[in-house]
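I opened the notebook to look up a few places in one structure and to write down what I found. Each entry keeps to a single spot or a single group of neighbours.

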Amino acid sequence: AKAILYHQWRTAVFGGETFVYRDVYRYFYPYKLFAHDSFQRLTIPLWNPGIYCGAPFLAALQSQVLYPPSVLCYILPMPHGFTLFILLHVVACGFFAYLLCREWGYSFYGALFSAVAFAFSGYLVSALDMVSTLCSVTWLPLLLLLAEKAIKRGNPVPLSAGAGAALAMQFLAGEPSVLFMTVFVLCLYFLIAVLRDSNLLKRAAIILAGSFAIAAALTAFQWMPFAELVRHSSRGAGTAYSDAARWSMPPAYYLTLLFPF
């Protein structure tokens with residue numbers, strides 16, 4: 001697996017090829033190619049006729065049709081646009097992590113090391129074949145940075161607007177599970193801040209409420225059709241616990257956070 005990943009990076013960055021590992025070639029790349037071809041024909045890809053007897057495309061969140069960075073895949077030739085799309089998010093991961101570490105008081109070299117460690121961590125490298133996960137996680141350090149700035153100083157309103165826009169980008173990136181975890185982390189962050197200083201309660205409430213409201217307003221064009229699609233899916237009809245928990249991590253595996261093997 002390490003040899004495959006190394007070959008992918010080398011050929012994608014220097015060899016004019018693109019990423020193809022696992023879910024990329026059989027899921028995410030075909031989605032991007034279908035959207036690319038649709039926009040080249042000046043049509044909005046609402047429906048995908050190539051899956052079963054046809055399926056909603058724009059409403060399916062992981063298609064990332066209206067995720068702003070996807071424009072690279074629409075205006076550039078495939079697969080070059082797709083390669084640049086992936087590399088842009090890897091660089092953004094490191095850049096946002098660097099800014100966050102500088103806000104936390106790290107030195108230049110400490111922040112730089114942390115940024116590289118985050119952008120090329122095992123989790124994010126493994127997420128290259130889950131493009132929606134990679135794109136969604138990219139916005140996590142930026143959201144933490146805005147939360148840090150908003151709780152510490154200045155008018156919280158503009159920073160709440162920025163956090164709302166970043167949350168909107170994370171949702172449009174197509175991985176709801178990452179969004180749920182991010183919201184949990186943000187709520188936990190503000191809870192800890194309020195427990196340390198009760199005077200921050202009003203500020204924290206404004207930041208959270210404002211961010212969520214702005215994110216919901218900015219993404220209404222996507223979450224409304226997505227919610228309708230979910231209602232007509234097997235999950236919307238009710239899912240048995242055994243099916244819902246099929247890919248969840250067994251509690252004993254949390255030990256691997258400390259002991260990988």
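**Entry 1: His89 and its surroundings**

I began with His89, and leaving out residues up to four places away in sequence, I found that it touches Tyr67, Pro69, Leu134, Cys135 and Thr138, where contact means heavy atoms within 4.5 Å. I noted that this is a predicted model, in which local features need pLDDT of at least 70 and side-chain atom pairs count only at pLDDT 80 or more, while totals for chains, interfaces and linings use all residues. Residues are numbered from 1 along each chain as its sequence is written, and side-chain values use heavy atoms, with hydrogens and water left out.

His89 lies in helix H4; helices (H or I, at least four residues) and strands (E, at least two) are DSSP runs, numbered from the N terminus. Is His89 buried or exposed? I wrote down that His89 is buried, because its relative accessible area is 3%, and the scale calls a residue buried under 20%, exposed over 50% and partly exposed in between, with a 1.4 Å probe and protein chains only.

**Entry 2: H4 against H5**

I stayed with helix H4 (residues 80–103) and looked at how it packs with helix H5 (residues 108–119): the angle is about 145 degrees and the axes are 8 Å apart. Axes here are lines fitted to C-alpha atoms, for helices over the stretch in contact, and angles run from 0 to 180 degrees between N-to-C directions. The crossing of H4 with H5 is right-handed; a crossing has that name if the near helix is turned clockwise from the far one by less than a right angle, and is left-handed if anticlockwise.

On the H4 side I listed Val90, Cys93, Gly94, Ala97, Tyr98, Cys101 and Arg102, which meet Phe108, Ala111, Leu112, Ser114, Ala115, Phe118 and Ala119 in H5. Sorted by class, this contact has 11 nonpolar, two polar and one charged residues, where Ala, Val, Leu, Ile, Met, Phe, Trp, Tyr, Cys and Pro count as nonpolar, Asp, Glu, Lys and Arg as charged, and the others, Gly among them, as polar.

**Entry 3: The loops on either side of H3**

Next I looked at Gln64, which lies in the loop between E2 and H3 and has a positive phi of about 55 degrees although it is not a glycine. Gln64 counts as buried because its relative accessible area is 1%.

Ser70 lies in the loop between strand E2 (55–56) and helix H3 (71–75), and with a relative accessibility of 0% Ser70 is buried. Setting aside its neighbours within four places in sequence, I found Ser70 in contact with Lys32, Gln64, Val65 and Phe85.

Pro79 belongs to the loop between H3 and H4, and I recorded that a cis peptide bond, with omega about 10 degrees, joins Met78 and Pro79.

Where does Leu42 lie? I placed Leu42 in the loop between helix H2 (23–40) and strand E1 (47–48), and its phi is near 60 degrees, a positive value in a residue other than glycine. Leu42 is exposed, with a relative accessible area of 78%.

Met130 is in the loop between helix H6 (122–126) and helix H7 (131–137), and at 27% relative accessibility Met130 counts as partly exposed. Apart from neighbours within four places in sequence, Met130 is in contact with Asp23 and Phe28.

**Entry 4: Cavities**

How many cavities of 30 Å³ or more does a search of the whole structure find? I noted two, a cavity being a set of points, on a 1 Å grid over the protein atoms alone, where a 1.4 Å probe fits but cannot get out, with lining residues having an atom within 4 Å of a point. Grid points are joined across faces, edges and corners, and a volume is the space filled by probe spheres set on the points.

The largest cavity has a volume of about 80 Å³, and of the 13 residues that line it, the closest to its centre are Ala147, Ala163, Phe190, Ile207 and Ser211. Its lining divides into 12 nonpolar, one polar and no charged residues.

The second largest cavity holds about 30 Å³ of space, and its lining includes Gln64, Val65 and Tyr67.

Key. On a 1 Å grid over the protein atoms alone, a cavity is a set of points where a 1.4 Å probe fits but cannot get out, and a pocket is an open set with protein on both sides within 12 Å along at least five of seven lines; lining residues have an atom within 4 Å of a point.
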